[in-house]
Amino acid sequence: MTTTAVRAFRASPRRCGDVLNGTVRVAPRHGDAPPRAEDAFRVGVLRRIAAARLRYCGFEALREDVMLIVTELLTNALLHSGTTQISLDIAVDKGDLCIAVGDGVPGRAEPNPADGNAESGRGLLIVDALVQENGGLWGTSEDGATTWCRLNIPREKP
């Protein structure tokens with residue numbers, strides 16, 4: 001592939017459609033026990049695949065923000081749902097990059113103010129800020145089993 005071909009492809013990232021559809025199996029957590037190392041590893045692999053797919057599809061301008069959002073949403077699913085399966089879907093729809101993390105467990109993802117000394121609890125506040133910065137929206141599905149967001153894809157400069 002020539003450099004020209006790469007530039008031509010990256011100039012039109014909207015052609016990728018489904019960027020990623022991935023699922024990992026995890027052990028359900030009980031109480032305050034940390035996730036198993038192999039489950040954290042699986043989630044990390046899914047993140048790395050997402051980063052590679054975003055790069056491949058030409059979303060360099062959004063990649064850092066999307067990876068932070070993906071990390072926070074996957075971590076929430078792993079830590080708070082008690083699920084055995086986590087899915088990550090990233091797709092292009094009507095000029096937006098759509099991200100959905102599903103865990104199959106009903107519940108509402110809502111940002112809560114974290115104590116200044118807390119080691120966690122700011123993830124959804126970060127998601128909210130990044131989504132707003134990228135002119136998007138985020139929320140939880142009707143059944144509460146999927147947290148989603150839509151980010152505006154920056155327009156290409158002529």
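In the predicted model, helix α2 spans residues 37–56 and holds both Asp 39 and Arg 42. These two residues are three positions apart, about one turn of the helix. Their side chains form a salt bridge, with an N to O distance of 3.0 Å. The two partners fall into separate accessibility classes: Asp 39, at 1% relative accessibility, is buried, whereas Arg 42, at 34%, is partly exposed. Asp 39 is classed as buried because its value lies under the 20% limit.

A salt bridge also links Arg 36 and Glu 38, whose closest N and O atoms are 3.1 Å apart. Arg 36 has a relative accessibility of 37% and counts as partly exposed. Glu 38 is likewise partly exposed, with a relative accessible area of 37%.

A further salt bridge joins the side chains of Arg 55 and Glu 60, with 3.9 Å from N to O. This distance counts as a salt bridge because the limit is 4 Å. Arg 55 is partly exposed at 36% relative accessible area, and Glu 60 is partly exposed at 37%.

Definitions and conventions
Residues numbered from 1 in each chain as written. Predicted model: local features only at pLDDT ≥ 70, side-chain atom pairs only at ≥ 80, totals over all residues. Heavy atoms only, no water. Buried < 20%, exposed > 50% of the residue type's maximum accessible area, 1.4 Å probe, protein only. Helix = DSSP H or I, 4+ residues; strand = E, 2+ residues; numbered from the N terminus.
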